[in-house]
Amino acid sequence: MNPAGPWTVEGLFAARPAALVLFQAVRQLIESRGPVTVEATKTQVSFGTTRKFAWVWLPQFWIKAQPDSSITLAFALDRCIVHDRIRQAVEPYRGRWTHHVVISQESDLDEDVKGWLSEAYTFGQHGRARYPKS
């Protein structure tokens, strides 16, 4: 048995088919960047390479005022983004900012979100998103 519990993506989204569709769109977007590990727990699904860099939660676990059909997307970067789409940004560790975005429909996966996820994927591989100029 998984030490974190017998959790699956299907189980997490069992009562929320519309949220599952959004999750699948996020997953496809992340996996288009390259290989990732996907891990489901009781409250979220995480994506990682060398380290975890993105998470999807259902709204009742973070933002209670959101519809059941939405999801919360979190991603880690080495910088803080200030943008209307970012509901919250916290720095749990020096140089590691976690950002939260609510996804209510597939069109919310716009160029901003795609760019942030690409940067987060790189951050997950190397521990930093930006590289010094050579």
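Guide: Two strands are said to pair if DSSP finds at least two bridges between them. With that in hand, please ask about this model, which is a predicted one.

Visitor: Which residue in E2 is the bridge partner of Glu-39?

Guide: The bridge partner of Glu-39 in E2 is Ser-46. This bridge belongs to the pairing of strand E1, residues 37–40, with E2, which is antiparallel and has four bridges.

Visitor: And how many residues lie between E1 and E2?

Guide: Three residues lie between E1 and E2 in their hairpin. A hairpin also joins E2 to E3, again through three residues. E2 and E3 run antiparallel and are joined by five bridges. Within E3, the residue opposite Phe-47 is Ala-54.

Visitor: Is E2 mostly covered or mostly open?

Guide: E2 is mostly covered, with five of its five residues buried. Val-45 and Phe-47 point one way from the strand, while Gln-44, Ser-46 and Gly-48 point the other way, and all of them are buried.

Visitor: Which residues touch the most other members of the largest nonpolar core?

Guide: That core has 31 residues, and those that touch the most other members are Phe-13, Val-45, Phe-47, Val-56, Ile-71, Phe-75 and Leu-117. The elements that each give two or more residues to this core are helices H1 (9–12), H2 (17–31) and H3 (111–126), together with strands E2 (44–48), E3 (52–57), E4 and E6. H2 provides the largest share, seven residues.

Visitor: Why would such side chains be together at all?

Guide: In soluble globular proteins, nonpolar side chains tend to be buried together.

Visitor: What is Leu-117 in contact with, leaving aside its neighbours within four places in sequence?

Guide: Leu-117 is then in contact with Leu-29, Ile-30, Ala-54, Leu-73 and Phe-75.

Visitor: Now the rings. How many aromatic pairs are there?

Guide: The count comes to four aromatic pairs. Phe-13, Phe-23 and Phe-47 are linked into a cluster by ring pairs.

Visitor: What sits over the ring of Phe-123?

Guide: The charged end of Arg-51 does, at 5.7 Å from the centre of that ring.

Visitor: A different arginine, then. Where is Arg-85 found?

Guide: Arg-85 is in the loop between strand E4, residues 71–77, and strand E5, residues 86–93.

Visitor: What does the side chain of Arg-85 make a polar contact with?

Guide: The partner is the side chain of Asp-110, at 2.9 Å. Not counting residues up to four places away in sequence, Arg-85 touches Asp-110 and also His-100, Val-101, Val-102, Ile-103, Asp-108, Val-113 and Trp-116.

Visitor: How many residues of strand E6 are buried?

Guide: Strand E6 spans residues 96–103, and seven of its eight residues are buried.

Visitor: In which sense do E4 and E6 pair?

Guide: E4 and E6 pair in the antiparallel sense, over seven bridges. One of the residues involved is Leu-77, whose bridge partner in E6 is Trp-97. E5 and E6 also run antiparallel, joined by five bridges. Here Ile-86 has Val-101 as its bridge partner in E6.

Visitor: What is the phi of Gly-95 in the turn between E5 and E6?

Guide: Gly-95 has a positive phi of about 80°, and the hairpin formed by E5 and E6 has two residues between the strands.

Methods: Residues are numbered from 1 along each chain as its sequence is written. This is a predicted model: local features need pLDDT of at least 70, side-chain atom pairs count only at pLDDT 80 or more; totals for chains, interfaces and linings use all residues. Side-chain values use heavy atoms; hydrogens and water are left out. A polar contact is a pair of N or O atoms within 3.5 Å; within protein, one must be able to donate a hydrogen and the other to accept it, and residues adjacent in sequence count only if both atoms are side-chain atoms. Contact means heavy atoms within 4.5 Å. Buried means under 20% relative accessible area, exposed over 50%, partly exposed in between (1.4 Å probe, protein chains only). Rings of Phe, Tyr and Trp (its six-membered ring) pair if their centres lie within 6.5 Å; planes under 30 degrees apart count as stacked, over 60 as edge-to-face and the rest as tilted. A charge sits over a ring if NZ of Lys or CZ of Arg is within 6 Å of the ring centre and within 35 degrees of the ring normal. A nonpolar core is a set of buried Ala, Val, Leu, Ile, Met, Phe, Trp, Tyr and Cys residues joined through side-chain atoms within 4.5 Å.
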